[in-house]
Amino acid sequence: ITLGLLALLPITLSAVLLLGLQWSAKRAMPVVLASTALMALLAWDMSAVRVGASILQGLVITVSVLWIVFGAIFLLNTLKYTGAIDVIRQGFTNISPDRRVQAIIIAWCFGTFIEGASGFGTPAAIAAPLLVAIGFPALAAVLIGMMIQSTPVSFGAVGTPIVIGVNKGLDGQAISQTLQAQGWQWEQFIQLITSEVAIIHGIIGSFMPVLMAVMLTRFFGSNKSWRE
């Protein structure tokens, strides 16, 4: 329990500094990093080399995230200054002036396709700027963009989480021995996982457009009502 509480310390500290004390990120994050590194060295008995390697890995991941954000901002400004966004806005207005319908088409349908094709946060980075560009409040666009990153992710980037994450990330030798004892093959095991994930996501994913519409109506609708 103690170690579990310690694991929450970096998140809690960042929340306190950013939200409670209103520190800027460039001031708060070094403090959080230093406390996390110190905790890893003293509480988790990690070596200094491993802590340093983890910090470098975090920097690499941060760069990749910033690259996605840069692409989103670049796309938004390109659409804005070329006038393309006016054409897009008019096109979706002709389909339906209802923002719930627009959100389902842009965020859910298009976003899910992009997740399956490229993954790695691309749907939120593309759909959210498009929603802002056609008149959605920024917070609503971010909310809907994050909701895309739900059921499609297990098959994102052409099935990378399944093909690579499960197929290569598990201890294949140990699991294969257990499967052989039960008369199973590794391919059958992967197929079972894929089928179960697809069924779960299919059921939950059917409700996501409804949930998106409900969230838009409740928090960004004219009456801010659950029943509108």
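**Confidence and side-chain contacts**

Author: Confidence here is pLDDT, the predictor's score for each residue from 0 to 100. Helices are DSSP runs of H or I with at least four residues, numbered from the N terminus. This is a predicted model: local features need pLDDT of at least 70, side-chain atom pairs count only at pLDDT 80 or more, and totals for chains, interfaces and linings use all residues. Residues are numbered from 1 along each chain as its sequence is written, and side-chain values use heavy atoms, leaving out hydrogens and water.

Reader: What is the mean pLDDT of the protein chain?

Author: Where pLDDT is low, the predicted coordinates should not be read in detail. In this chain, 97% of residues reach 70 or more. The mean pLDDT is 83.

Reader: Which residue forms a salt bridge with Asp98?

Author: A salt bridge needs a side-chain nitrogen of Lys or Arg within 4 Å of a carboxyl oxygen of Asp or Glu. The count comes to 1 salt bridge. Asp98 lies in the loop between helix 4 (84-95) and helix 5 (99-117). Its closest N and O atoms to the partner are 2.9 Å apart, and that partner is Arg100.

Reader: Is Asp98 buried, partly exposed or exposed?

Author: Buried means under 20% relative accessible area, exposed means over 50%, and partly exposed lies in between (1.4 Å probe, protein chains only). Arg100, at 29%, counts as partly exposed. Asp98 has 27%, so Asp98 is partly exposed.

Reader: Why is the pair of Trp186 and Phe189 classed as it is?

Author: The structure holds 1 aromatic pair. Rings of Phe, Tyr and Trp (its six-membered ring) pair if their centres lie within 6.5 Å; planes under 30 degrees apart are stacked, over 60 edge-to-face, and the rest tilted. The centres of the Trp186 and Phe189 rings are 5.7 Å apart and their planes stand at 50°, so the pair is tilted.

Reader: How are Trp186 and Phe189 placed in helix 10?

Author: Trp186 and Phe189 are both buried. They are 3 residues apart in helix 10, so the separation is about one helical turn.

Reader: Which ring does the charged end of Arg99 sit over?

Author: The rule asks for NZ of Lys or CZ of Arg within 6 Å of the ring centre and within 35 degrees of the ring normal. Arg218 sits this way over Phe219, 5.2 Å from the ring centre. For Arg99 the distance is 5.3 Å, and the ring is that of Phe136.

Methods. Helix = DSSP H or I, 4+ residues; strand = E, 2+ residues; numbered from the N terminus.
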